[in-house]
Amino acid sequence: MIDLRSDTVTQPTEGMRRAIAEAAVGDEQKREDPSVTALQERVAALLGHEAGIFVPTATMANQIALKLHSRPGDVLIAEENAHVVIYEYGGAAAHAGLMTLGVPGNRGRLTPAQVRAAAEPSTKGADQHAAILALENTHNASGGRVWPLGELGEVVATAREVGLAVHLDGARILNASTALGVPPADISARFDTVTLCLSKGLGCPLGALLVGSHELMERAWREKHLFGGAMRQAGIVAAAGVYALDHHVDRLADDHTRARTLAKALATAGLPVDLEQVESNFVQLDLAPLGLERADALARLLAVGVGMSSTPHPTVLRAVTHLEIDDDDIARASELILAALRS
Ligand SMILES: Cc1ncc(COP(=O)(O)O)c(C=O)c1O
């Protein structure tokens, strides 16, 4: 199968497996794991922050961040289809006691006016405050869309003006920096906390980092322990992260090029793919004009050997490129998708 369901489906490469096998490890809970420490320092520097902590998943990184910036009863403001809103099982309420205000976005983006309006104090209670704005870049549910830097800066500045902490779910921030052609810190340094995921375009089996100030990351260690996320010889996984930063960052541009090539081939052949929407490693295909049901379309694709996946939008499917997809896969997938959806 040409598996375009997600960039999370990759297997560790030979080189990554070697790095895992040779990893120097120690007791991470005691902060004695050299590979974890090296990864944390490296990612903090990469993202323009003082410190970082290594956690098993990006979901845990996001959830810890929400707890750092709030008290139970506070309000989280986020785009309505953000990962923290629709894919984290209500964790914001369960873990941090937050009420989430999902704001309709455009391409996953909010405007300063929307943030200002959402942060207005509640008329009901004197002490129910909007505490956090969480943004996502690239934005998964809108198809890997990328925030323009100027617009991002304006929204973050507005959030600060109205007293919000700002968290970036940058699970795919390296795709965003690749798409914009800027260092990742140009995007991330302006946030209080930032999540980076290792198991997406970077191709690691698992792992994520949360970065921020020394003070916030000290508190984050405690929260991580509370989540049951304080590990032992975790360097076995962190070594994969260090390897990925050395070997899998520059190649993200190839994933983006391949997504565009696929999108162009499908659009040229008359399938409903909007090239304007292809900004990173996602291609979105709208089934509505084809009159196909989602389950039917996915089954047809699977029958010809192509994995695509659904999105929060009922008629939209996505194909995601990653390090196991090469140019031949893209050429073959274009033909197979056409054959499956046109017949
Ligand atoms: C934008 C975004 N944030 C967070 C996550 C959560 O990642 P994990 O599966 O490591 O918890 C994902 C996973 O798809 C994601 O796309």
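Which residues line the largest cavity? The answer takes in Ala171, Arg172, Ile173, Leu174, Asn175, Leu196, Cys197, Lys200, Gly201 and Leu202. A cavity here is a set of points, on a 1 Å grid over the protein atoms alone, where a 1.4 Å probe fits but cannot get out, and lining residues have an atom within 4 Å of a point. The structure is a predicted model, so local features need pLDDT of at least 70 and side-chain atom pairs count only at pLDDT 80 or more, while totals for chains, interfaces and linings use all residues. Residues are numbered from 1 along each chain as its sequence is written, and side-chain values use heavy atoms, with hydrogens and water left out.

Back to that cavity: the structure holds one of 30 Å³ or more, and the space in the largest cavity comes to about 40 Å³. Volume means the space filled by probe spheres set on the points, with grid points joined across faces, edges and corners. Helix α8 (173-180) gives the largest share of the lining, three residues, and both α8 and β7 supply at least two residues each. Helices (H or I, at least four residues) and strands (E, at least two) are DSSP runs, numbered from the N terminus.

Next comes the sheet. Seven strands make it up, in the order β2-β8-β7-β6-β5-β3-β4, and it is open, with mixed pairing. Two strands pair if DSSP finds at least two bridges between them. At the edges sit β2 (51-55) and β4 (99-103), each pairing on one side only. From one strand to the next, the twist averages 20°. Axes are lines fitted to C-alpha atoms, for helices over the stretch in contact, and angles run from 0 to 180 degrees between N-to-C directions. Helix α10 (residues 214-226) lies across β2, β7 (193-197) and β8 (208-212), and runs at about 15° to β2; contact means heavy atoms within 4.5 Å.

Strand β3 (residues 75-79) has five of its five residues buried, where buried means under 20% relative accessible area, exposed over 50%, and partly exposed in between (1.4 Å probe, protein chains only). In a regular strand the side chains alternate between the two faces of the sheet. On one side of β3 are Val75, Ile77 and Glu79, on the other Leu76 and Ala78, and all of these are buried. Five bridges link β3 to β4 in the parallel sense, with Leu101 of β4 as the bridge partner of Ile77. Four bridges, again parallel, link β3 to β5, and Val75 stands opposite Ala130 in β5. Strand β5 (residues 130-136) also runs parallel to β6 (residues 165-169), joined by five bridges.

Ile77 turns up again in the largest nonpolar core, which has 48 residues; Phe54, Ile77, Leu133 and Leu135 have the most contacts inside it. Such a core is a set of buried Ala, Val, Leu, Ile, Met, Phe, Trp, Tyr and Cys residues joined through side-chain atoms within 4.5 Å. Helix α11 (residues 235-247) gives the most to this core, with six residues. A second, separate core has 26 residues, including Ile2, Leu4, Leu262 and Leu338.

Most residues other than glycine have a negative phi, and most peptide bonds are trans. Arg31, in the loop between α1 (14-21) and α2 (34-46), has a positive phi of about 60°. Arg107, in the loop between β4 and α6 (112-118), also has a positive phi of about 60°. The peptide bond from Asn137 to Thr138 is cis, with omega near 0°.

How values were computed:
On a 1 Å grid over the protein atoms alone, a cavity is a set of points where a 1.4 Å probe fits but cannot get out, and a pocket is an open set with protein on both sides within 12 Å along at least five of seven lines; lining residues have an atom within 4 Å of a point.
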